[in-house]
Amino acid sequence: MQVAIFSTRPYDREFLTRANAAGRHTFVFHEARLDAGTAAAAQGAQAVCAFVNDRLNAETLQRLHGLGVRLVALRSAGFNHVDLPAAAALGMAVGRVPEYSPHAVAEHTVALVLTLNRKIHRAYNRVREGNFALEGLLGFDLHGRTVGVIGTGKIGACFARIMAGFGCRVLAFAPSVNPELTALGAHYVPLPELLAQSDIVSLHCPLTPQTHHLIDDHALATMKRGVMLINTSRGAVVDARAAVAALKSGQLGSLGLDVYEEEADLFFRDLSNTVLHDDVFARLLTFPNVIVTGHQGFFTEQALTGIAETTLANLDLFEAEGRPLHPVSVERIV
């Protein structure tokens, strides 16, 4: 089966080619992001492989369908960038990678927590300039602190286990209770209680209509003053403008982001020689208590291997039986 793969970087080519070592499929790699304007590049393909910032709206899907594309294979767990009702109406299947190494994102989340707490980013720059003063680098013991985990799927649960290992009190909020976490001593509480009691709040939920701007002005106002907020889930779960206001007032003590709600025009590219036109993002970068990484939480060898192998499994089963191994249906957005 010929597959047009969009938003590719050298590491995508490496891991997908390795997973396709048997040559079952013909891959055509495109650096361009998939949208209505680039869909024509899928000419001759029966499937497209898309990433998190590709735009698979109704127009894009209609153009792909007109080219003979019948499968959208996502290299991600999230699928909020796909118009699932439009795909269903066109008879196009959508497959995803429901899980890969949960440790990759969870451990990156912990890295953000530790860096913000102990001011590692600031200390690194100081020492390189010969400044060994400690003023302004004061942190706190994680042991005994309360950590709120919003979303306790595989990644959230992995993060909760790590923080429990530090001796933190773990509060959790999710649609269903993970018995493994309750056995470790985590307490499931309503969201307002979690926000009010947590010293650190970490987001591990999917982006849905219900979670869009879950952390907004109101939510931030109900948190402890000086709280640390970490988002390694989906950018639009946090209202970035509200976060800037909370940082300016001191209500938000520190912020770690691996995702951003307007990241599609920023991440996965070298923009070091250009002017950033996103004023909110540019403002975030001015705060000394903010760390932004470019959606690299998934970026480990184990995770990339898992993503590539699961993508191949979706392609293989679709070719054999007309359905991906891990389908996404319209019901998933309800």
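The model before you is a predicted one, and it holds two cavities of 30 Å³ or more. The largest cavity has a volume of about 70 Å³. Two helices, H1 (10-19) and H12 (301-321), each supply at least two residues of its lining. Helix H1 provides the largest share, four residues.

What is the volume of the second largest cavity? The value is about 30 Å³. Around this second largest cavity stand Asn231, Gly235, Val238, Ala240, Leu257, Val259, Tyr260 and Glu261. Its lining comprises five nonpolar residues, two polar residues and one charged residue.

The largest pocket has a volume of about 1,300 Å³. The elements contributing two or more residues to the lining of this largest pocket are H4 and helix H6 (154-165). Of these elements, H6 gives the most, with three residues. In total, 50 residues line the largest pocket, and those nearest its centre are Ala77, His204, Cys205, Pro206 and Leu207. By class, the lining of the largest pocket divides into 24 nonpolar, 19 polar and seven charged residues.

The second largest pocket has a volume of about 360 Å³. Its lining is made up of 17 residues, and Val52, Asn53, Asn80, Glu261 and Ala264 are the closest to its centre. Five residues of this lining are nonpolar, five are polar and seven are charged.

Let me now consider helix H4, one of the contributors to the largest pocket. Helix H4 covers residues 102-118, 17 residues in all. From its first C-alpha to its last, H4 reaches 25 Å, close to the 24 Å expected at 1.5 Å a residue. Is H4 mostly covered or mostly open? The helix is mostly covered, with twelve of its 17 residues buried. The buried residues of H4 are Pro102, Ala104, Val105, Ala106, His108, Thr109, Val110, Leu112, Val113, Thr115, Leu116 and Asn117. Just after H4, Lys119 takes a positive phi of about 55°.

My last topic is the cysteines. A disulfide is a covalent bond between the sulfur atoms of two cysteines. How many disulfides does the structure hold? The number is zero. Cys158, for example, is in no disulfide, and the nearest cysteine sulfur, that of Cys168, is 14 Å away. Is Cys158 buried or exposed? Cys158 counts as buried because its relative accessibility is 3%, and the cut-off for buried is under 20%. Cys49 likewise counts as buried, because its relative accessibility is 2%.

The largest pocket, at about 1,300 Å³, has seven charged residues in its lining. The second largest pocket, at about 360 Å³, has seven charged residues in its lining as well. Thank you for your attention.

Terms used
Residues are numbered from 1 along each chain as its sequence is written. This is a predicted model: local features need pLDDT of at least 70, side-chain atom pairs count only at pLDDT 80 or more; totals for chains, interfaces and linings use all residues. Side-chain values use heavy atoms; hydrogens and water are left out. On a 1 Å grid over the protein atoms alone, a cavity is a set of points where a 1.4 Å probe fits but cannot get out, and a pocket is an open set with protein on both sides within 12 Å along at least five of seven lines; lining residues have an atom within 4 Å of a point. Grid points are joined across faces, edges and corners, and a volume is the space filled by probe spheres set on the points. Ala, Val, Leu, Ile, Met, Phe, Trp, Tyr, Cys and Pro count as nonpolar, Asp, Glu, Lys and Arg as charged, and the others, Gly among them, as polar. A disulfide is a pair of cysteine sulfur atoms within 2.5 Å. Buried means under 20% relative accessible area, exposed over 50%, partly exposed in between (1.4 Å probe, protein chains only). The expected span of a helix is 1.5 Å times one less than its number of residues.
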